[in-house]
Amino acid sequence: PAPRGADIRHSYLRTVETPRPREPFDQAAADAVRDVQPQFVVIGDSMAGIRIDPLQLSRQSRTSVVGLYQQGSPVAYWYLAFKNLAAENDLKNLRGAIFFFRDDQLTTQVQVTPGSLDRVGREREPELDRVLAANRLGGFADVHRAARNVYQFDRTRIWLEPKLLGAPADMAATVLPPADLLKAINTDVFALDRLRPFEAADLAAASGGALDFDASVDDSLLPEIIRLAERSKIRLAFIRVQRRPTAAGPPPQSPELKTYVDALKGYLEARGAYFHDDWGDPDEPLSAYADGDHLTAEGRIRYTQRFAERHARFLQ
């Protein structure tokens, strides 16, 4: 039995997610982008947000640019933001979308945390559901979907899962009630402002089978992003950011990673997309970086300025 009074709704990812309480689609964000009517959108996680200042880029390129950033977001988020906030949001002047990514992110980052896409997902997202189901369930996706419809095991999970997740707090709480203990841990102990600066990147370097481009591209969201852009007549640009360099120069790259990037570049350019690799950029020394692969605030200003100059042809 589902909890009484809970706003349980079917997911837009019906094959891979159970019915659950969902956050509403962020209509205010969609309306705000539509009010601006940008000519270009910049999409990505913090790698995009710490490199491109949309207002500065708008001034320098004499265009209108909007940033669709979400820290720590997966490619599935980028796809939905591109689809629902840009391509299918009645943007009459939209000419291009610029995606920032690291290494193999475009073809391998296909797992998502339930609920992380709610604000950019519509009631049904069949293409995203298909890709995620193929990656998570393989050939058993249809069997899984049928079993869910017949046995309704989701409803038992909705009832049972909160009890299991809350059990450690119930046992550990002595001074505080369990709910207050969890709140203290999440909002005080592990708050973002308590984290110390770090050198290591938040995304590990790719290796092994993840760098087999031909084996992974068809099961990724990249083909769907390209199809969506073609249908909407939107130009695409993909910028591979340089990861944290060393004091001696650019970050090391394995032969497998170089092969992967070459294959990705060929794939994108063969489909009419613009590709640029920041690796080895002499204007991005170690001194331009803050923590991990993030630039400093000053580095962001300089990067945006250089971006407008170097990619002026795409921004026309």
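Predicted model: local features only at pLDDT ≥ 70, side-chain atom pairs only at ≥ 80, totals over all residues.

Colleague: At what angle do the axes of H3 and H13 cross, and which hand does the crossing have?

Modeller: The axes of helix H3 (residues 54-61) and helix H13 (residues 297-310) cross at roughly 30° and come within 9 Å. The crossing of H3 with H13 is right-handed.

Colleague: How many helices and strands does the protein have, and what percentage of its residues count as buried?

Modeller: There are 13 helices and 7 strands. Of the 316 residues, 45% count as buried.

Colleague: Which residues of helix H11 are buried, and what do they pack against?

Modeller: In helix H11 (residues 222-232), the buried residues are Leu222, Pro223, Glu224, Ile225, Ile226, Leu228 and Ala229. They pack against several elements, including helix H4 (75-87), strand S6 (235-240) and helix H12 (255-270). Just after H11, Lys233 takes a positive phi of about 55°.

Colleague: Glu224 carries a carboxyl group; what is its salt-bridge partner?

Modeller: A salt bridge requires a side-chain nitrogen of Lys or Arg within 4 Å of a carboxyl oxygen of Asp or Glu. The side chain of Glu224 meets that of Arg227 at 3.1 Å, N to O. Both residues lie in H11, 3 residues apart, about one turn of the helix. Glu224 has a relative accessible area of 4%, so it is buried, whereas Arg227, at 37%, is partly exposed.

Colleague: How many salt bridges does the structure hold, and where do Arg22 and Glu123 lie?

Modeller: The structure holds 18 salt bridges. One of them joins Arg22 and Glu123, at 3.6 Å from N to O. Arg22 lies in the loop between strand S2 (20-21) and helix H1 (27-36), and Glu123 in the loop between H5 and H6, so the pair ties together parts 101 residues apart in sequence. Arg22 counts as buried because its relative accessibility is 9%, and Glu123, at 46%, is partly exposed.

Colleague: Is the pair of Arg102 and Asp293 buried or exposed?

Modeller: Both residues are buried. Their closest N and O atoms are 3.0 Å apart in a salt bridge.

Colleague: Lastly, which residues form a nonpolar patch on the surface?

Modeller: Trp159, Leu160 and Leu164 form that patch, with about 290 Å² of accessible area together. Trp159 belongs to helix H8 (residues 153-172) and counts as partly exposed because its relative accessibility is 39%.

Conventions
Residues numbered from 1 in each chain as written. Heavy atoms only, no water. Patch = residues over 30% accessible without salt bridge, like charges linked within 9 Å, V, L, I, M, F, W, Y side chains within 5 Å. Areas by Shrake-Rupley, 256 points an atom, 1.4 Å probe, with all protein chains shown as cover. Helix = DSSP H or I, 4+ residues; strand = E, 2+ residues; numbered from the N terminus. Buried < 20%, exposed > 50% of the residue type's maximum accessible area, 1.4 Å probe, protein only. Axes fitted to C-alpha atoms, helices over the stretch in contact; angles between N-to-C directions. Left-handed = near helix turned anticlockwise from the far one by under 90°. Contact = heavy atoms within 4.5 Å.
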